[in-house]
Amino acid sequence: LKSNPSNNEEKEAQTQLTKSDELQRLHSQALSAYQQEDYKSAISLLDEILAVCVWDAELRELRAECYIKEGEPSKAISDLKAAAKLKNDNTEAFYKISRIYYQLGDHELSLSEVRECLKLDQDHKQCFSLYKQVKKLNKQIESAEEFIREGRYEDAISKYESVMKTEPEVPIYSTRAKERICHCLSKNQQATEAIKLCTEVLQLEPTNVNALKDRAEAYLLEDMYEE
């Protein structure tokens with residue numbers, strides 16, 4: 001404005017200046033809400049700021065943290081993916097994305113994200129340790145599925161039992177493993193065991209279609225047509 005004073009530009013400059021003051025105020029409020037563990041308020045304040053400051057990686061990472069605390073990990077992923085693109089060598093974002101996918105039971109996507117982290121820094125301790133875990137689990141699941149395709153149900157069962165030992169902390173992997181073991185038992189004509197295991201899965205996930213189908217097959221083997 002000093003170099004080129006004009007009414008139009010002055011108006012525009014004043015508007016932008018007012019807006020920037022307002023955004024700084026919102027930013028302070030968002031940080032304060034985050035520190036007080038009021039993540040819902042922090043998210044709605046960050047929504048307002050990010051509508052204007054679209055390219056701010058730090059704010060996206062902060063909103064992702066809030067989503068994680070609020071139990072909405074899939075919303076956190078899109079913010080973290082943006083942050084990974086906006087900031088060079090953002091190993092932390094790739095690590096967090098990989099962990100979220102892993103917790104959600106998507107081991108394949110988790111593996112591809114943690115590899116991105118290691119491409120940036122092959123000595124990244126957290127990423128390397130997560131990589132080893134996901135790779136091992138991924139390999140066991142792939143090999144179990146291969147056995148199922150070949151009709152080697154006993155081998156598949158034993159491989160899925162290994163999956164449960166490899167990852168006892170994240171419940172979704174045990175549930176998936178039990179669902180697939182139930183499938184193998186049903187295919188292997190071990191009806192009683194199949195019914196018991198499928199029932200266990202259905203207590204956790206009443207609408208699990210695979211478990212319902214496999215239990216139905218097992219009931220047929222036992223001539224339990226009503227069931």
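Analyst: Happy to! A word on terms before we start: helices and strands here are DSSP runs, a helix having at least four residues and a strand at least two, numbered from the N terminus. Please keep in mind that this is a predicted model.

Let's begin with an annotated stretch.

Now to the helix pairs. Two packed helices are described by the angle between their axes and the distance between the axes. Helix α2 (residues 39–52) and helix α3 (residues 57–69) have axes that come within 9 Å and cross at roughly 150 degrees. Angles over 145 degrees count as roughly antiparallel, so α2 is roughly antiparallel to α3. The crossing of α2 past α3 is left-handed. On the α2 side, the contact includes Tyr39, Ala42, Ile43 and Leu46, while α3 contributes Leu59, Arg60 and Leu62, among others. By class, this contact has ten nonpolar, no polar and four charged residues.

The other pair is helix α9 (residues 171–187) with helix α11 (residues 209–221), whose axes are 9 Å apart at an angle of about 25 degrees. With that angle, α9 and α11 are therefore roughly parallel. α9 also passes α11 in a left-handed crossing. Here Glu179, Cys182, His183 and Ser186 of α9 meet Asn210, Asp214, Glu217, Ala218 and Leu221 of α11. The contact of α9 with α11 divides into three nonpolar, three polar and three charged residues.

Definitions and conventions:
Residues are numbered from 1 along each chain as its sequence is written. This is a predicted model: local features need pLDDT of at least 70, side-chain atom pairs count only at pLDDT 80 or more; totals for chains, interfaces and linings use all residues. Side-chain values use heavy atoms; hydrogens and water are left out. Axes are lines fitted to C-alpha atoms, for helices over the stretch in contact, and angles run from 0 to 180 degrees between N-to-C directions. Angles under 35 degrees count as roughly parallel, over 145 as roughly antiparallel, 65 to 115 as roughly perpendicular and the rest as oblique. A crossing is left-handed if the near helix is turned anticlockwise from the far one by less than a right angle, and right-handed if clockwise. Contact means heavy atoms within 4.5 Å. Ala, Val, Leu, Ile, Met, Phe, Trp, Tyr, Cys and Pro count as nonpolar, Asp, Glu, Lys and Arg as charged, and the others, Gly among them, as polar.
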